[in-house]
Structures are given as C-alpha cells and as structure tokens.
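Trainee: I'm new to reading structures like this one. Could you take the interface as our part, look at it closely with me, and then go on from there?

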Amino acid sequence: MNAPIKSSRFSRRALLKGGALTVGFALTGGRTGAFAQGVAGGPRVLDPKEVDAFLAINGNGTVTVFCGKVDLGQGLRIAMPQIVAEELYIGVDKINFIEGDTALTPDQGRTSGSNGIQRGGMQLRQAAATARKALIELAAQKLNVKAEDLIVANGLVRPRAGGDGISFADLISGRRFDLKLDPKAPRKDPATYTLVGKPLPRPDVPAKCIGSHMYVHDFTLPGMLHARVIRPPAIGAKLASVDESSVKNLAGVQVVRIKDFLAVVAEDEWTAVRAARALKAKWGAGSRLPEQAKFVQALRTDPSITNQDLVTKGAPVTPLPQNAKMLTASYFWPMQSHASLGPSCAVADVRAESATVWTASQGTHGNHTTFARFLGLPKDKVRLIYLEGSGCYGMNGHEDAAADAAIVSRAVGKPVRVQWSRADEHGWDPKGPAQLLDIAGAVDADGRILDWRTDMWIPRTTRGMLNIPLLGPEAAGLDNIVGLNTGLISQNGDPPYAADHIQVIVHWLKDAPLRPAPLRSPGKPANCFAVESFTDELAAAAGLDPIEFRLRGLKNPRGIELIKRVAAMMKWQSRPSPGANKNAALARGRGMSYVHYKHEETFVAMGMEVAVERASGKIKVERVFCAHDCGQIINPDGVRSQIEGGITQTVSRVLMEEVKFDRSHVTSVDWASYPILKFSEAPKIDIDLVDRPTEPPLGAGEASCSAVGAALANAVFDATGARLRTIPFTPERVKAALGGHSS
Amino acid sequence: MAKYNLRINGAARTVESADPNQPLLYALRGLGLTATKFGCGLGQCGACTVLVERKALRSCQMTIASVQGKSITTLEGLGSALNPHPLQWAFIKEQVPQCGYCTSGMLMSAAALLSEKKKPSEAEIRTALDGNLCRCGSHARVVRAVLAASGQGV
C-alpha cells in the first residue's frame, strides 16, 4: 500500500529524530517564561489576524510556529511545519512547533471538523506568506534594491542576480512583524513545492515508540497529589452523605466534597484508587433514563420535536410513471462512545489568584472562558496548556477530567492529577448521539431517481454552544454552560445524485438521554450510511449495477473519477446485487459507497469485500478499497494514516459498537461489554490518493469514516440478499436478517 | 511499608508499598517508567503489557508481591533512541502510532512473540496481538511493522 521509503530524507537519523523537527512542549519553568514574554520581543501577540501570533523568527535562524490547533496523533506536528517551511523557503528542521497553549498560541478554534489543515493550516500559510513578503521588503530597504530583484532561499533574502544575502534573523529577530495577515501576499507556486506533498516523518513518532513521549498522563509537578472522582451510581443523583471513616485506614487520604462533587486525594495513585473503591457514600435517586428497548420508537413520537425543512430541491413528479418503483426504509445508528484507549486524565495547579491546567482537550482556547468562569478567575489568570492524551475523536472525557483536576486542586491547595477509571470513561464520556433516519424514494427503470425524502430524528445543538456542559462544575454547583452540542450532524442527509425532487426534513429533539458530543465526523457516518444504503436499494430495485446506477446520477467530475478508480482497484464486475452465491454457507460479496463530505469538502469512494458466515451470522470485512481526494495533499503518509484509522475505527463502530444503558446508568463500562475491533478482525486496506496540488487542501480525518457503513451494508446485501439497516451489525442481527426478518 | 526487590530493565530496583496487592503497573509508573500505560485495569486492553521473565503479561493484573525477585522489561528497556530494538525501528519506519497510547503494549506483546518465533505469519501476528486494543486504527501498520522487524518485508 505504501511506496517503499527510499529517499535520503528518510535516513535512519532523520527518522529517529522525526525529521529533526523540534517539538516544543511548553511545560513549565524558564522556557515557558521566555515564550510568554515573547520570543520576538514584548508580550506574545495572540490576535489571529496578526502575523506575530503565528510566527517568530529567532536569533539562531529558527522559526517558532505558534499553532492553536493541536496534534492528537493526526500529524499536525509535521503538516503545519511543512506548510510554513515551504512558504519561507527553509527546512522543517528549522521550525519549533508550539501547540494549543492559551498563553502562547492564537485561538484558531477547536481541532475538529476535519479542519486542522483546511482552516488552521491555511491561516499559517497566509501568515508565512505575509512574513516572507515583509522580509523581502526589509531586505530591499537594507540593500537599497528593488524587492522584485530579491529572492528567498535557505533562511536568507538575497539578490536574484547573486551576491550576499541577509538572514531572516538579521532582518527581524527580536522584533515583531506588526503586520496583519495579508490575503494578497504572494503564495509559492505549488509546482515549485519541495516539502508540501512529501511523506515527511512525524516528529512525535520516535518518542512514542521509545517510550519517552510525554502524555498528559505522564506529566507531574512537584508536590502533585493524585485524585479520583466518584460519580453517582445513577445519572443525576444527589449526594446524600459520605462516611469519611471508610477510608481512615488509608494513609494521607483526603476526601473532597463540594455539593454533589466527590473526590478522594492521595499522595500516590494506587492509594487514590483504593480510596475511591473503599469510600462509602449514599446517593439519592437519579433522573431516570428511557428504556433502551423502546428508545428507537420513542424518538418518532418525542413531544419535544421541532421540524425543519433542511433541503428542498426540484419539484415532485406527478403522476409518477407506471414503471416507477417506490421504496421506504428506516436506518438507525445508536449512541456510541469515543472509547479512548486510555481513560481521560489531566493535571491542574490552581492557586488563589491564578490557575494552570494541562489538558488533552481538542479545544484549549475554546475552554478558556469556561474554566475561568467556574474557577471565578479573570481569563488572563487562567492558562490551559495542551498535552497529548489518549486518542480523542471529538470530545471525550478529557475536558471533564481537566475540570475535575481544577476543582480538586483548588480544594486542596496543591497541584492535582486526576485519572479516570475505565468505567468512568465508558460510563461518563460524552456520547455520539443516536440517529434515526427514514427514507422514501422512487426510481424508474432507467435508474433515474424521481423522488427522495429523508426524515431524520436527531438532538439539536443549542444555539451558540461550542463546548459541552462539564460534569465536575455541574456536580459542584459551579458556573457551567447548559445545553447540547452534537456537532454538525444534519449534513449529507440528501444524495449527491441527480433527482427530480429531494427533500430533507429534520425532526429536532430537544434532549438526548446521555450527554451528547461530537464524535468523529459527527452525524455523517449515520447519514451517509442511510443515504448510500438507500441508493443501493434503489439500484437493486431498478435492476442496475450499483456503480452504473451512481454514475448515471453523478455530475461532479472529481466524484466520478473516484468511483471509477475504486472500481478499477477492486476489479469490479458490473452486475446488479445480490450476487449469484447468496445462499452459500460462507457468502462473499462486494459493495461500495460514495461521499462528498458535507457536499463541499473531501471526496471518497469506498469499496468493500466481505464474507458472511450464514450459520453464525459473523461478518468478516476482508478488504477495503478507498479512493480519496482531499485536494492539495500536505503529507500523503499522514493522509493515509488518517484514512486507515478512519476506516478501521468505523468498521468497529458499524460491526460491534452500541452504548448499553439501564434506567439509571450506562452498563457497557468495559471492553467486554463495549467491544471494539481486534487485530484478527481488522481489514486489509488499499488506498488510492488523488493529489490536486493547485486545489485548496481539505480534511482527511473524517470523510472516510462516513463512507464505511453503507459500503459494508451494501457488500453484505450483495453477498446474501439481506439488507442491514440497524447499527451495529451483530451476529444476532445478521442471522435475523438472513432469516428474512427486518433488521 | 514492605520492600520488594525486582530486576527492572536489567537493574536491581527496590519498591516500597504498603499494599502487597498494588499492581505492578503503579509501581513502574511510580519509578518514572511511564512508557507503560494504564488503559483499563482489567487486563482487557493490553496498554500496560510488560515482559515478566520474557513473557508478555498485563502489569495491571500482577501484584507487586507476585513479581518479587522477578525480571521485568518495560518499553524503556527494550531499546533506546540511539539503539532501538528492531521492532521499535520498524514501528518508527512504518510511522505506526497515531496517538500512540497503545504502542508500548503492542511493542511488548510483539517482542514476546518474536522471541518465541522468529518469523511469525501474518495470521500468527494478528492472533498474538488480539489482546492489544488500538482505537486510532493503526492495526494495518502494526502488522506491517512486525513483519518488517522479523525480516519479512511487505
């Protein structure tokens, strides 16, 4: 799948040093102090309209990049330096990279929505291009020549005709640019790129393989204590009483109780764990959850529903031609957990007049105000510093753990590390919300879609809500935001194919049973699962090959190219589904799906080959083929890594994942009750990347996820003739569908 | 406080603990050996895998008392930045980790596999790593890296 690494860029030394790029983790002490005062003189500029917010030229010729977006393992620590170094004509080894620190980096919004590169990276490109223009102008003044007679190379500005140049450091080090980002500053011609588009190695990888990478879980401060927070046995329960004598025999344990917030603190972590287990507390009744068995049907009749006509295109065909076939189907995607491999963790040092919080949050800046408010401190006295945590795919418990640590640190007057347990993480992380979709459509014998109507039942994001309510402040009765945030979950509910009439109607639900939050490619895995499954159902009704059917209705040339590429990759045989061997004991089939993410971003065509074991109902995804066009590729190995991860994670979500709950709490609180995909179940993945250097770069973290559900369901239909419409595709559901029962 | 003598990454170490049931994981992390990660505390995810006498075991499930006198290898003892173990080198070359939280456990399980079988098949690698979960979806790269480290380039 990957081209062999041959280039000298991938020398052993370069790989071990991660391309020799310096990654600055602004932790504590002197180094941070120097940065806080501004490496280029004066206090840090944080306004994202200013070049100085993003870049500083240092005296030794290096460039410090201040990035408000953070690297969660998706590779921004190399991709962002590639973008900046390219525009400045320097090597990535000359870049220091600082990320997600409210005292040092500009607010570029959350690292979410697959927009790290496409928005955040483009701000950095603009800052670097503006800086380059300014450096040339400074050199022109010093050398008393025209700017157009100068060129930039290797950290110098020098005369085009030859002769001595002046280094960036000599031109500006120690001073600010004092310039706004200039959208008109000339950009480097992509045809001359030497860094962008290359699979440069990520600087954090060697440390992650050697064991020296500093995760927030590994961060310590002098005098730091360890805490565990005790959540109620039922969601919403109030704390009635605490028997502190139950932990008396454990040396040095303190109990922290603030209203309904309960924590234990100890000098070492294991003692904190023991204390959390031993502490006896009495809780009141919770706020009853709905009955899970009746949950799906209850969505349609929820009294809180408000309706919105989201999409209306064309006009109904009346009357429908005689040969038209009309279909209806319902699809369901359940609540799912981020299921981060390491439970959330954070460290906080809250003093009387200031607070510093080390957090793996994807939105250090976005949470700045929230933390200042519940701590009752001015915003400029509160600092949130990003440190990598265990993989997070939207908003898991990282921000809750950070709030927990801050609350406990303030209570005990010492730095505190809070580590959640596995049950805390599975039980209390904010969940990707459930989504119910009904689709009705009509197709004629030529495969023309005559009518399409999607109805979706989803929880509404509260207006202006960028974060989520946090558990700690809520329990402790502190200032907390109220409402829901689910991400942009109503997108891609309409097909990307020509149709005479398309309608999407959203039935917004006021609430969700478990606290929702954006989970990787929010909403789109479910919407595209429904839309692309229904497209397949229409193709089957019209008796057409699924690819032929899609190509007849698709106009976008980039989309058409991808579908043809995926067909070529998997040697697609044109024929209607299901295939001929659908009654075999081990039935094999192929399916595909196509997604134009958010209808304006990355294009994905995905094919799958599956084997379905009729007796057991087990599905094995044998191969996945993905053709992917995210415009200009910054780092192709990073893009591949994101696609591989997106596909593997979503195959897991589709085959096995559903949060289980009873009337008081989540019951799927470990890896046995909430299983995820294992090595023996992980598919082989083939990727075909389309690079378009002259197009804007688009996100690569989310789009592939949204194509998985339908490609898998369509392959199962092709193999067996059974249509799966409810996630997850458990063996029981598959067996029921094979037996002719609706799933 | 009872004292427990262990050999960790080739050096004699003494751990003090008030609780003989303290899992080895917390003792290791308390010594600053933080490559070994807490994932579940239930022996289900493999993030805390270490070698105990060359066997890959879950350090969250081993009590400090049970490893008295035993030889423990953590990721820090497998190799170093200057002299990485072939598996570490292959993981770097394949750019395996995303978040990398599971990587330490993966490397230790893979090391145990390769010490038992020099050239495992892809199916054997997958089976050996089935107890190590990864949420970012780095599975395909892990398998490639283990094959590469065992001299079976793909």
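**From the interface inwards**

Mentor: Happy to! At the interface, 51 residues of chain B are in contact (heavy atoms within 4.5 Å) with 62 residues of chain A. This is a predicted model: local features need pLDDT of at least 70 and side-chain atom pairs pLDDT 80 or more, while totals for chains, interfaces and linings use all residues. Side-chain values use heavy atoms, without hydrogens or water, residues are numbered from 1 along each chain as its sequence is written, and chains are lettered from A and ligands numbered from 1 in written order.

Together, chain B and chain A bury about 4900 Å² (accessible area, 1.4 Å probe, that the two lose on being put together, summed over both), and 57% of that lies on carbon and sulfur atoms. Look for Gln95(B), Gln98(B) and Arg135(B) here: these three supply 17% of the area that chain B buries against chain A, more than any other three residues.

Now turn to the charges. Across this interface the rule finds 7 salt bridges (a side-chain nitrogen of Lys or Arg within 4 Å of a carboxyl oxygen of Asp or Glu). One to find on your screen joins Arg141(B) to Asp637(A), with 3.2 Å from N to O. The elements of chain B that each give two or more residues to the side touching chain A are α1 (24-30), α2 (75-78), α3 (86-93), α4 (103-116), α5 (122-128) and α6 (139-149). Such names come from DSSP runs numbered from the N terminus: helices are H or I with at least four residues, strands E with at least two.

Keep salt bridges in mind as we move into chain A. Over all chains, a search of the whole structure finds 55 of them. Among them is the pair Arg77(A) and Asp204(A), whose closest N and O atoms are 2.8 Å apart. That pair links distant parts of the chain: Arg77(A) sits in helix α4(A) and Asp204(A) in the loop between α6 (168-172) and α7 (205-210) of chain A, 127 residues apart.

Let's stay in chain A and look at its strands, which count as paired if DSSP finds at least two bridges between them. Seven of them, in the order β10-β11-β8-β18-β15-β16-β17, form an open sheet with mixed pairing. Its edge strands are β10(A) and β17 (382-386) of chain A, each pairing on one side only. Neighbouring strands of this sheet are turned by 25° against each other on average, direction ignored; axes are lines fitted to C-alpha atoms (for helices, over the stretch in contact), and angles run from 0 to 180 degrees between N-to-C directions.

Start with β10 (254-258) of chain A, which is joined to β11 (261-266) of chain A by 5 bridges in an antiparallel pair. There, Ile258(A) faces Phe261(A) of β11(A). The hairpin of these two strands has 2 residues between them, and Lys259(A) in it takes a positive phi near 55°.

Helix α8 (269-278) of chain A lies across β8(A), β11(A) and β18 (416-419) of chain A, at about 25° to β8(A). Helix α11 (398-412) of chain A touches β8, β10, β11, β15 (345-350), β16 (355-359) and β18 of chain A, and its direction makes about 35° with that of β15(A).

For another sheet, find the 3 antiparallel strands of chain A in the order β5-β6-β7, also open. β5 (150-153) and β7 (166-167) of chain A are at the edges with a single partner strand each, so one side of each has no neighbour in the sheet. β6 (156-159) of chain A is joined to β7(A) by 2 bridges, and Val157(A) has Ile166(A) as its bridge partner. Helix α5 (116-143) of chain A packs here, touching β5, β6 and β7, with its direction at about 125° to that of β5(A).

Finally, visit two loops of chain A. Ser577(A) and Pro578(A) are joined by a cis peptide bond with omega about 0°, and Pro578(A) lies between α16 (557-569) and β22 (586-596) of chain A.
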